[in-house]
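Please brief me on this protein model, going from the whole chain down to single residues. Keep it short and grouped by topic.

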Amino acid sequence: MELTLLGTGTPEGLPRPDCPCAACAVSTGSRARAATAVLVDGALLLDLTPGAVLAGARAGHSLAGVRQVLLTHPHDGPAVELPPGLPAAGRVPDGRELAVISGHRVRAVPMDAPGTGYEVTGPDGVRLLYLPPGGAPAGVADQAGRRPYDMILMDVLGRPGALARLRASGAAGPATDVIAVHLDHDTPPGRELERRCAAAGARAVPDGTTVIVGEYRAVPELPRRTLVLGGARSGKSVEAERRLESFPEVVYVATGGTRDGDAEWARRVGLHRERRPGSWRTVETCDLVPLLAAAGPPLLIDCLALWLTDAMDRAGAWDDAVWAESGRQRLAERTAELVAAVRATRRPVVLVSNEVGSGVVPATASGRRFRDELGRLNAAVAGECEHVLLVVAGLAAVLKE
C-alpha cells in the first residue's frame, strides 16, 4: 500500500495565515505544510483540503483515479471546492466498514473528540491507522488476535497520550512506523521537530512524501539513558516529561519527598503531578539503585540535585569535621554506587539534574561543597548516558547523542 502525504499540517496550515509567531516565520519553503491529506494507492483520499489536486501533481500523482473521498473531522471555514471528477466527500459512521472498489477495506474508528479515525487494510493485507487532528481512539481497542498496525498517521505532538494508549493496547508495536501529521506552530520546524518526534518513536516527513506501508524501515532508536540538565525554571522537567509522554506505564521517581508545613513546596509538587499523564505511577524515594536494577517500565528521575542533598545529609557532609573524617568517602561510595546502577540498568531512564556551575560562587563552604559535588555527579552520570541535553530558557541544546 502506497501513501502520498499531500499535506502534513493542521487544518490552518503552517505557517498560519496572519500569525506573527517565530515558528510560522521560519515555516517557509520545504518547511511549509498544507493541511493534512493522504492519497492511498491513488484510489482513496483521506481528507479533502484546498489545493489537493496541485499538491498531488507536485508529488507526481493524479487524483483522477480516486474512487472514495473520506473526511476525518469537521471542516470549518469556507467550503472546499470539489475538484472535477472526484466523488463526493463523506464520513463513515463509527464502527462501520466500507469496501472500496480498489480492494481497500476501511473501518471507521470512534474518537474521543469530534472526528473519525480510519483503519485502512490494503489489498496486500497491510494495515494503516489514520487519526484526525487532536484525536485519540475512544477507549482501548481489543487487539486480541490482531497484530499491530504497520503504520500510524496521527497527531503525535498534540496528543502524545493517544500514542501511549495505542502502545499499551498493542495496536502500536516496536516495528510500527509512526508518522506525525497535523503539525502546528507549537513546535519549531527543523531539528527541534525531528528531535521531539524521535523522542516519541515517530518521524515527520515533508509534504509530498510517498511512503510504502509495511516496507521495512528502522524505527527511531530511543536512547536507554538520557540526562536532562538545566537551571532553575529552565524547563528541564517539562523537557524530561516530554521524552516519555507517548509511552505507557512510566514510573516517575520524585526525590524531593514531602516538606511538612511548606505550602509553596506543596504547590510545586501539585503542579508537577497535574502535568503528568494519569497513567504514570509516582514513587517518592531517594533509594534509586534498586529501581535502576529492577526490570520494568521507563523511569523518570527528578532530580539528582535533590538526591545529592539527601546523600550529603546522610553522609554528614555539612559539618566540616565530619566531612574531612568520613563524609567525603561515604558520599563518594554512594555516588559511585548510583553511577554504576545507571551504567548497568536495562530499563529506559530519563534523569533530571540542575546545572549550577555557571552561577555565582556560593558564599559558604557548604554551598561550595554542594556545587562541586553536583558538578562531579552530573559529569559522572553524563558519561554513562547515550543522550545528554542542556535546557536554557525552555530550549534544549543537545550535548551528546
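**Surface, charge and overall build**

The protein exposes about 18,600 Å², and carbon and sulfur atoms supply 54% of that area. The model is a predicted one. Its secondary structure comes to 10 helices and 19 strands. Of the 401 residues in the protein, 46% are buried.

- Along the principal axes, the C-alpha atoms fill a box of roughly 85 × 50 × 40 Å.
- Among contacts with a separation of 6 or more, 67% join residues 24 or more positions apart.
- The side chains include 45 positive and 47 negative ones. The centres of these two sets lie 2 Å apart.

**Domains**

- The protein is divided into domain 1, residues 2–212, and domain 2, residues 225–400.
- The contact between them takes 10 residues from domain 1 and 10 residues from domain 2.
- Taken over C-alpha atoms, the centres of domain 1 and domain 2 are separated by 38 Å.

**The six-stranded sheet**

- An open sheet of 6 strands runs in the order β5-β4-β3-β2-β1-β12. Its pairing is mixed.
- The edges are β5 (89–90) and β12 (210–212). Each has a single partner strand, so one side of each is left without a neighbour in the sheet.
- Inside this order, β3 (residues 44–46) and β4 (residues 68–70) pair in the parallel sense, over 3 bridges.
- Leu45 has Val69 in β4 as its bridge partner.

- All of β8 (residues 116–121) is under cover: 6 of its 6 residues are buried.
- Thr116, Tyr118 and Val120 point one way from β8. Gly117, Glu119 and Thr121 point the other way.
- In a regular strand, side chains alternate between the two faces of the sheet.
- On one side, β7 (residues 105–110) runs antiparallel to β8, joined by 6 bridges. Pro110 has Thr116 in β8 as its bridge partner.
- The β7–β8 hairpin has 5 residues between its strands. In this turn, Gly115 has a positive phi of about 135 degrees.
- β8 also pairs with β9 in the antiparallel sense, over 4 bridges. Thr121 stands opposite Arg127 in β9.
- The β8–β9 hairpin has 5 residues between its strands. Here the turn residue Gly125 has a positive phi of about 90 degrees.

**Helix α3**

- In α3 (residues 160–169), 7 of the 10 residues are buried, so the helix is largely enclosed by the rest of the structure.
- The buried residues are Pro160, Ala162, Leu163, Ala164, Leu166, Arg167 and Ser169.
- Their cover includes β9 (127–130), β10 (151–154) and β11 (177–180).
- Just after α3 comes Gly170, with a positive phi of about 90 degrees.

**Helix α4**

- The buried residues of α4 (residues 191–199) are Glu192, Leu193, Arg195, Arg196, Cys197 and Ala199.
- What covers them includes β11, α5 (236–242), β18 and β19.
- Gly201 follows α4, and its phi is positive, near 75 degrees.
- An α-helix has 3.6 residues a turn, so residues three or four places apart point the same way.

- β18 (residues 387–392) and β19 (residues 395–400) pair in the antiparallel sense over 5 bridges.
- Leu390 stands opposite Ala397 in β19.
- The hairpin has 2 residues between its strands. Ala393 in the turn has a positive phi of about 55 degrees.
- β18 and β19 are among the elements that cover the buried residues of α4.

**Arg225**

- Is Arg225 buried or exposed? At 10% relative accessibility, Arg225 counts as buried, because the cut-off is under 20%.
- Arg225 is found in strand β13 (residues 225–230).
- Its C-alpha atom and that of His387 are separated by 6.5 Å.

Notes. Residues are numbered from 1 along each chain as its sequence is written. This is a predicted model: local features need pLDDT of at least 70, side-chain atom pairs count only at pLDDT 80 or more; totals for chains, interfaces and linings use all residues. Side-chain values use heavy atoms; hydrogens and water are left out. Buried means under 20% relative accessible area, exposed over 50%, partly exposed in between (1.4 Å probe, protein chains only). Contact means heavy atoms within 4.5 Å. Accessible areas come from the Shrake-Rupley method with a 1.4 Å probe; for residues, only the protein chains shown count as cover. Lys and Arg count as positive and Asp and Glu as negative; His and the chain ends are not counted. The place of a charge is taken as NZ of Lys, CZ of Arg, CG of Asp or CD of Glu. Two strands pair if DSSP finds at least two bridges between them. Domain bounds come from an automatic or database domain assignment.
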